[in-house]
Amino acid sequence: MNLRTKAPAETTVVVGMSGGVDSSVTAHLLKEQGYNVIGIFMKNWDDTDENGVCTATEDYEDVIAVANQIGIPYYAVNFEKEYWDRVFEYFLAEYRLGRTPNPDVMCNKEIKFKAFLDHALRLGADFVATGHYARVEYVDGEHRLLRGKDDNKDQTYFLNQLSQDQLARTMFPIGHMDKKDVRVIAEEAGLATAKKKDSTGICFIGERNFKEFLSEYLPSQPGIMQTLDGEQKGNHDGLMYYTLGQRHGLGIGGDGDPWFVVGKNVEENILYVGQGFHHDALYSDALLASKLSWTGAVPTGEFRATAKFRYRQQDVPVTIAPLENGEVLVKFDEPQRAITPGQAVVFYDGDICLGGATIDEAYRNGKRLDYIG
Amino acid sequence: MNYFDHAATTPMRAEVLEAMTPYLLEQYGNPSSIHGIGRTARAALDASRRTLATWIGATPNEIVFTSGGTESDNYALFGTVYANQHKGKHVITTKIEHHAVLHAMEQLEREGFDVTYLDVDETGAVTLESVRDALRDDTILVSVMYGNNEVGTIQPIEQIGALLADHQAYFHTDAVQALGTETIDVKVLGIDLLSASAHKINGPKGIGFLFIKTGVKLATRSFGGQQERKRRAGTENVPGAVGFQQAAELAKIERAERVNVYQQMAEALFGRLDELGVEYDVNGANRLPHIVNLYLPGIELEPFLIMMDMRGFAISSGSACTAGSIEPSHVLTAMFGTSDRTKQSVRISFGHGNSVEDVERLAERLSEVVSTFTNGVR
């Protein structure tokens, strides 16, 4: 099925509008191209400020302003329950296991391109569009997920779990543009959000302190900080506050190289630390991942590709071996630093994002690094 | 656009605009001024006051112009409790009031007053017994709306008025939604304070009044000039008052006919829905004739309302939070608890400009959209 050949005037696109500049320009461009555009604001998190006003209000106000400027209808939809059940519960569960989850990957998979997409289809839409820096192209009977043209902004890492069915109904109208050009278009069109600051951090936490936020939901259990050799170096505030390779917030001074988190022992509530950015314990040469998903055809057997292990990282050459149990073994050509359980490993063939999985374990020389949790 | 949201606001009648225009363009005087053009404005304001007073069986000096229903409610509540707090700090209201009353009551609680929120039955009505049971020696105010704005249920105003006749508590009613279709005489009904608004009866936005029975003490909440006998400072909205007057006159003349038409529309709606085999139930009973709140089992509210809008039909439900998403209606929650019914009900409200044929088309669109939920069709 390829709906992309349908004439714009006969194509209805629901744009997920967040009140930011990217989704504003997304809606604006589609409208200019002649599509029937509907703007919908997703309210995924129930939170009010000290005056009892929804924290999402300002963003929704921006959606209203931009939608009226562009001349499109706008609505809001509440996915608080879906977000809580499918994203936030997962987020907390991962932290309970001492892992470092990626809620944005889950939000795209379960909310933006599932609950929201279903909502849009029910309204009679042909597509949903978002302001992600990524592209979808229909080539050889397949909807390909391609990196955004702006290397700095490419967001395919977060979109790795999307399926053919989801991609077939998706548009990323700014994926072929640089961020600075998006701003220029917003300014030229006089959009209310042209100068709005980009949001940072995890959406439901916003600008708040991460540690404080997490402590509202999970009891923190302070414990011991020690080297892998058993030398005690201090105390930690709770394993969930730390991630592999992290330097800041350890509070270990003294001579020599700075200290880094190199592992966690969840059962005994120990945080392992080591000295030096390139501490040997941080390096591995393979990983095992689950929740594997492909954007296109499912590969058979082992193959070569490149992979990213976290956002904003150059992808590196790897050998990918899908296993019979649905997991995947990824071997790196060169050892990699701080492979972190809970984060996504995402596969590429050139510009094509092939899919991804959730990292569970790291290995070196065939031996599992049991100290990383 | 097929507009079926007249409980939210109404289109202004051409006659109203016509009546207002001279007071916007030529007779723009300030009623407090000592010159001729000021006196002309003053005369218009007083004429409006007389008409509105007569409309509800009051005297002109009992009418205070405000900016609308919300200000009237706020003034009625805060004004009475602060002027009468030496007699007690207890206030009675219902769980189904408009937010202009409910949120004001919550603020009164924060300011140290004791507020009782009465339950309603499944039809959305408070009972006289519940008011009687809640009444205490230190009760200073009872506020019960005339007809509910979401389900239309008319409250036992006359009985409550009679009950309070020999009690110190003042009786306030928010009649904003009821004035277009009900005959209201404040003296007959024993009402001490009544809130009204022009834009719900095809008048202009930004003007309303509070009826304050002679002798009722209210603390002033607004300071400035000496307008409205020092009860509400600020230059009067003369064009608005003239428009309100015209709208009230039309409402008075056309009332019986409108009631009849709205009843026909409701019958047409139910009849067509029955023919189309749509499963529904009506929320509320003994309704204001222009409001029909329909329970449509199986729908999801947000997409339902969007789909109706996409088809050019304006209907509504509950209220939206500041970030746009629709919250379950407090009125339906008071009637049905946490039942799914509160999330599967929509409000249709008739008004000037609707025809029975429009209502039949509305029923057809409702049927079409309901089926996308109940048939599992996308």
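Phe4(B) is found in the loop between strand S1 (2-3) and helix H1 (14-25) of chain B; helices (H or I, at least four residues) and strands (E, at least two) are DSSP runs, numbered from the N terminus. This is a predicted model, in which local features need pLDDT of at least 70, side-chain atom pairs count only at pLDDT 80 or more, and totals for chains, interfaces and linings use all residues. Residues are numbered from 1 along each chain as its sequence is written, while chains are lettered from A and ligands numbered from 1 in the order in which they are written. Chain B averages a pLDDT of 96, and 99% of its residues score at least 70; pLDDT is the predictor's confidence in each residue, from 0 to 100. For the complex, the predictor gives an ipTM of 0.86 and a pTM of 0.91.

Is Phe4(B) buried or exposed? Phe4(B) is buried, because 27 other C-beta atoms lie within 10 Å. A residue is buried if 20 or more other C-beta atoms lie within 10 Å of its own, exposed if 12 or fewer, and partly exposed in between, with C-beta atoms placed from the backbone. Although Phe4(B) and Ala314(B) are 310 residues apart along the chain, their C-alpha atoms are separated by 5.5 Å. Not counting residues up to four places away in sequence, Phe4(B) touches residues including Phe313(B), Ala314(B), Ile348(B) and Leu362(B); two residues are in contact if their C-beta atoms, placed from the backbone, lie within 7 Å.

Attention now turns to helix H10 of chain B. Eight of the 10 residues of helix H10 (residues 301-310) of chain B are buried, so this helix is largely enclosed by the rest of the structure. Among the buried residues are Leu301(B), Phe304(B) and Met308(B). Their cover includes S3 and H4 of chain A, together with strand S11 (313-314), strand S13 (326-327), strand S14 (345-349) and H12 of chain B. After H10(B) comes Gly312(B), with a positive phi near 85 degrees.

The two chains also meet: 16 residues of chain A are in contact with 14 residues of chain B. On the side of chain A that touches chain B, the largest share, four residues, comes from S3(A). By class, this side has 11 nonpolar, three polar and two charged residues. Here Ala, Val, Leu, Ile, Met, Phe, Trp, Tyr, Cys and Pro count as nonpolar, Asp, Glu, Lys and Arg as charged, and the others, Gly among them, as polar.

In soluble globular proteins, nonpolar side chains tend to be buried together. A nonpolar core is a set of buried Ala, Val, Leu, Ile, Met, Phe, Trp, Tyr and Cys residues joined through C-beta atoms within 7 Å. The largest such core has 213 residues, of which Val13(A), Val345(A) and Phe211(B) touch the most other members. H9(B) gives the most to this core, with 13 residues.

Lastly, two residues deserve attention for their backbone angles. Most residues other than glycine have a negative phi. Asp140(A), however, has a positive phi of about 50 degrees, and lies in the loop between strand S5 (134-139) and strand S6 (142-147) of chain A. Asp140(A) is exposed, with 6 other C-beta atoms within 10 Å. Arg229(B) also has a positive phi, near 50 degrees; this residue belongs to helix H8 (residues 227-230) of chain B, and is exposed, with 9 other C-beta atoms within 10 Å.
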